[in-house]
Amino acid sequence: MVRTSNDGKRWRIGVIDGPNMSFIGREKGARHHNLQSWDELRDLVAATGDRLGVEILHTVSNYEGRILEWIHAEGPGLDGLLVNPGGLTTYGEGLRHALEENGTPYVEVHLFNPVQYYASVSPHIRLESRLTSSAQGVVAGFGEHGYVAALVGLVSYLDGFSEADPVEETEGADAAGHTEGAGHAEPAEGAGR
Ligand SMILES: O=C1C[C@@](O)(C(=O)O)C[C@@H](O)[C@@H]1O
């Protein structure tokens, strides 16, 4: 199956793996995945992209500046992103900034659950991810399977938008399709939307 955006092109999904992700499979200590190498992860993501019918552009780097330059160069041509910030998770303000300014929805992905991990290694300092506040969603704790889950979620999300029925304008309806007295409740004044 080939999934397409409204203009008939396949969704183009960027996948970014940040610092230390290239070392995967060689690290000591608790492992939250079954990968022998980053190449295995790249192949898994590529195979999932093929099955979903989307185009994948996957990059890995231990250098923050290189990742930012990749976003500046490739970001405008992408429909969505998966981002595992790796070692940039807790201080990657430049990464968050670049992703937010690029404006493409992204899913933050982690092999393990960083909230659980940070609570155990750093109980007195509240560590948290810089990316979560502007991510469309977060998948963490499922090892390499999280990349599969994130891709399925992101592509379904993009599909949902391209397949959304346009609101038909009927006589007496406003641009959003609402008719006066048709029962839709306006939020109370001052209520957030
Ligand atoms: O480098 C990593 C890997 C990680 O992003 C993960 O995939 O689980 C989680 C981060 O906290 C850590 O710094």
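Three residues of helix α3 are buried: Leu95, Arg96 and Leu99. They span an arc of only 100° around the axis, so they sit on the same side of α3. The model is a predicted one. The buried residues of α3 pack against α2, β3 and β4. Turn to the face of α3 that points away from this buried side. There the exposed residues Glu93 and Glu101 are found.

Valine 15 is 86 residues away from glutamate 101 along the chain, and their C-alpha atoms are separated by 17 Å. Just after α3 comes glycine 103, with a positive phi of about 80°.

Now take the partner helix, α2. How are α2 and α3 oriented to each other? Their packing angle is about 0°, and their axes lie 10 Å apart. Angles under 35 degrees count as roughly parallel, and α2 and α3 are therefore roughly parallel to each other. On the α2 side, the contact is made by Glu64, Ile67, Leu68, Ile71 and His72. On the α3 side, Gly94, Leu95, Ala98, Leu99 and Asn102 meet them. The residues of this contact divide into six nonpolar, three polar and one charged.

Step back to the whole protein. It has five helices and five strands. From the N terminus on, they run β-α-β-α-β-α-β-α-β-α. Of the 193 residues in the protein, 26% are buried. Consider the contacts between residues at least 6 apart in sequence. Among these, 76% join residues at least 24 apart.

The largest nonpolar core has 30 residues. Those with the most contacts inside this core are Ile13, Leu82, Val83, Ala150, Leu151 and Leu154. Which elements give two or more residues to the core? The helices are α1, α2 (64-74), α3 (93-102) and α5 (145-163). The strands are β1, β3 (80-84), β4 (106-110) and β5 (137-140). Helix α5 supplies the largest share of the core, six residues.

Alanine 150 gives a close view of this core. It is one of the residues with the most contacts inside the core. Leave aside its neighbours within four places in sequence. Alanine 150 is then in contact with Leu82, Val107, Val109 and Val139. Leu82 is also among the core residues with the most contacts.

Finally, look at the loop between β1 (12-17) and α1 (38-52), where asparagine 20 has its place. Most residues other than glycine have a negative phi. Asparagine 20 is not a glycine, yet its phi is positive, about 85°. Is asparagine 20 buried, exposed or partly exposed? It has 15 C-beta neighbours inside 10 Å, so it counts as partly exposed.

Alanine 30 lies in the loop between β1 and α1 too. With 7 C-beta neighbours inside 10 Å, alanine 30 counts as exposed. Proline 76 is 46 residues from alanine 30 in sequence. In space, the two are 37 Å apart, C-alpha to C-alpha.

Note on methods
Residues numbered from 1 in each chain as written. Predicted model: local features only at pLDDT ≥ 70, side-chain atom pairs only at ≥ 80, totals over all residues. Helix = DSSP H or I, 4+ residues; strand = E, 2+ residues; numbered from the N terminus. Buried ≥ 20, exposed ≤ 12 C-beta atoms within 10 Å, placed from the backbone. Core = buried A, V, L, I, M, F, W, Y, C linked by C-beta atoms within 7 Å. Contact = placed C-beta atoms within 7 Å. Axes fitted to C-alpha atoms, helices over the stretch in contact; angles between N-to-C directions. Parallel < 35°, antiparallel > 145°, perpendicular 65-115°, else oblique. Nonpolar A, V, L, I, M, F, W, Y, C, P; charged D, E, K, R; others polar. Arc of directions from axis to C-beta.
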